[in-house]
Amino acid sequence: MSLRLRLLCAFLIPLVWGVRAEGKLPDDVGDDFVVASLLVVSPGPAVYQVFGHAALRMQCPSAGLDNVFSFETDLAGGVLGQFIGGASGRFRVIPAQEYIKSFAAEGRGVTAYRLNLTLPQKRKLWKMLDNAAFSNGERAFNMRKVHCLSMCFVQMEQALVPDTIDAGVPELQALDNAAMMDCVMEADRPWAALAYKIGTGSECDDVDSWRTRTTPLLFSRTFRDARIVSPDGLSRPLVVAPPEQLVDPADDFAFSGLPPLAVAALFLLCIVALCVADFSGKCRRVVSVADGSLLALQTVLSVVLMLVTFSPHGIGGAWNWYLIVFNPLPLLVWLVLHGHPAMKRVYGIYAVVLVAFAAIAPVVTSEVCLAGSLVAVAMAIRCAAKCKRRAK
């Protein structure tokens with residue numbers, strides 16, 4: 001069968017089933033006539049894949065139907081587009097075996113969690129997923145608020161009405177957003193954890209709702225106590241059976257290089273060495289080039305940070321603590337006052353600001369970690385050294 005024909009069947013069969021599901025079923029059909037499962041895929045190598053992936057699998061064994069409904073992004077704007085917006089997401093329907101094999105080929109594992117829905121609820125969920133996949137159901141993608149698992153829960157909650165989902169209160173739901181990211185990524189993907197915390201900004205200190213903050217990777221822990229609650233107060237577990245490992249992960253894609261803290265410490269040592277060379281009066285050209293490169297790097301990082309912070313579709317809040325360190329003001333002041341005696345005072349004031357940031361920011365916000373403080377200290381040392389040189 002050609003690829004085009006297989007794709008056509010994949011689109012048409014669920015539509016036909018959606019119509020059939022509205023008809024009458026035999027009286028002896030049980031809840032297992034349709035099986036609904038949440039598939040959780042282990043993390044991949046890209047920074048936007050560190051949380052894993054989730055999708056809904058709908059099966060009707062007697063009819064030979066087995067499809068996966070996956071909310072996926074079009075990756076518009078590349079990696080940065082996932083943080084500042086611009087990418088769109090929508091549900092796509094994929095034959096289950098093709099879906100599972102595609103992740104197995106990437107070295108990623110797939111685990112199935114069987115959902116404890118009644119037959120009418122599963123039929124309703126399947127019909128809703130059909131409509132979402134075959135209609136123009138695109139939405140602005142957001143890795144924190146509108147992502148694969150959150151959209152699966154949107155469909156599930158609507159299919160469950162009048163029943164509701166009680167997520168329970170496991171310890172993970174009490175963590176603020178930064179702590180949740182550390183829990184997911186700090187050990188194996190420290191740079192990804194840093195990127196997400198910087199992208200989230202001041203909202204690192206918030207505790208998002210389980211409907212949006214949930215990551216596929218931690219589904220089993222986050223929803224350990226989750227139950228489906230009926231209007232009469234009766235409840236049943238959200239997941240009805242032990243997880244089924246469909247594919248074992250072949251790679252955990254853990255980062256094996258230097259973590260942010262080590263890089264920040266090396267940066268601090270380089271700045272100290274630069275200051276020593278500066279005061280020795282030697283390597284004047286090297287010192288001048290290094291200072292120019294540091295100012296250029298600080299400016300580039302400030303532009304990226306402002307894009308991430310002030311984008312209307314970004315993943316974080318309207319304020320970012322790292323803007324105190326990375327902003328265009330140093331470049332503007334240097335362009336206006338370069339060579340002016342007032343620059344000595346400017347360097348001194350900025351050094352004090354950076355030291356205050358390094359000491360206070362980690363106490364008042366979860367966004368700033370020790371690595372960020374070390375970078376601020378390094379920049380403060382260089383500013384203090386330049387202030388001292390100008391005083392001479």
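The legends below describe an overall view and several close-up views of a predicted model.

Because this is a predicted model, local features need pLDDT of at least 70 and side-chain atom pairs count only at pLDDT 80 or more, while totals for chains, interfaces and linings use all residues. Residues are numbered from 1 along each chain as its sequence is written, and side-chain values use heavy atoms, with hydrogens and water left out.

Figure 1. Helices (H or I, at least four residues) and strands (E, at least two) are DSSP runs, numbered from the N terminus. Taken along the principal axes, the C-alpha atoms of the chain fill a box of roughly 95 × 50 × 35 Å. Of the 392 residues, 46% count as buried, where buried means under 20% relative accessible area, exposed means over 50%, and partly exposed lies in between (1.4 Å probe, protein chains only). Contact means heavy atoms within 4.5 Å; among contacts between residues at least 6 apart in sequence, 76% join residues at least 24 apart.

**Figure 2. The packing of helix H4 on helix H5.** Helix H4 (residues 119–134) and helix H5 (residues 148–160) pack at an angle of about 135 degrees, and their axes are 9 Å apart. The axes are lines fitted to C-alpha atoms, for helices over the stretch in contact, and angles run from 0 to 180 degrees between N-to-C directions. H4 and H5 are therefore oblique to each other, given that angles under 35 degrees count as roughly parallel, over 145 as roughly antiparallel, 65 to 115 as roughly perpendicular and the rest as oblique. The crossing of H4 and H5 is right-handed; a crossing has this hand if the near helix is turned clockwise from the far one by less than a right angle, and is left-handed if anticlockwise. On the H4 side the contact is made by Gln121, Lys124, Leu125, Met128, Leu129 and Ala132, and on the H5 side by Gln155, Met156, Gln158, Ala159 and Leu160. These residues divide into seven nonpolar, three polar and one charged, with Ala, Val, Leu, Ile, Met, Phe, Trp, Tyr, Cys and Pro counted as nonpolar, Asp, Glu, Lys and Arg as charged, and the others, Gly among them, as polar.

Figure 3. The buried residues are Cys148, Leu149, Ser150, Met151, Cys152, Phe153, Gln155, Met156, Ala159 and Leu160. At 1.5 Å a residue, the 13 residues of H5 should span 18 Å, which agrees with the 19 Å between its end C-alpha atoms; the expected span is 1.5 Å times one less than the number of residues.

**Figure 4. Leu160 of helix H5 and the cis peptide bond between Val161 and Pro162.** Leu160 counts as buried, at 0% relative accessibility. Not counting residues up to four places away in sequence, Leu160 touches Leu117, Gln121, Ile165, Ile228 and Arg236. Leu160 and Thr118 are 42 residues apart in sequence, yet 8.8 Å apart in space, C-alpha to C-alpha. The cis peptide bond that joins Val161 and Pro162 has an omega of about 10 degrees, and Pro162 has its place in the loop between H5 and strand S7 (164–166).

**Figure 5. Arg144 in the loop between strand S6 (139–140) and H5.** Arg144 is buried, with a relative accessible area of 9%. Apart from residues up to four places away in sequence, Arg144 touches Asn177, Thr200, Glu203, Asp208, Thr212, Arg213, Ile315 and Gly316. One of these residues, Asp208, is 64 residues from Arg144 in sequence and 9.3 Å from it in space, C-alpha to C-alpha.

**Figure 6. The packing of helix H11 on helix H12.** Helix H11 (residues 284–310) and helix H12 (residues 329–337) pack at an angle of about 135 degrees, with their axes 8 Å apart, and are therefore oblique to each other. In this contact, Leu295, Gln298 and Thr299 of H11 meet Pro330, Leu331 and Trp334 of H12. The residues of the contact divide into four nonpolar, two polar and no charged.

**Figure 7. Positive phi values at Phe253 and Cys283.** Phe253, a residue other than glycine, has a phi near 55 degrees; its place is in the loop between strand S10 (244–247) and helix H10 (260–280), and Phe253 is buried, with a relative accessible area of 17%. Cys283 is found in the loop between H10 and H11 and has a positive phi of about 55 degrees although it is not a glycine. At 49% relative accessibility, Cys283 counts as partly exposed.
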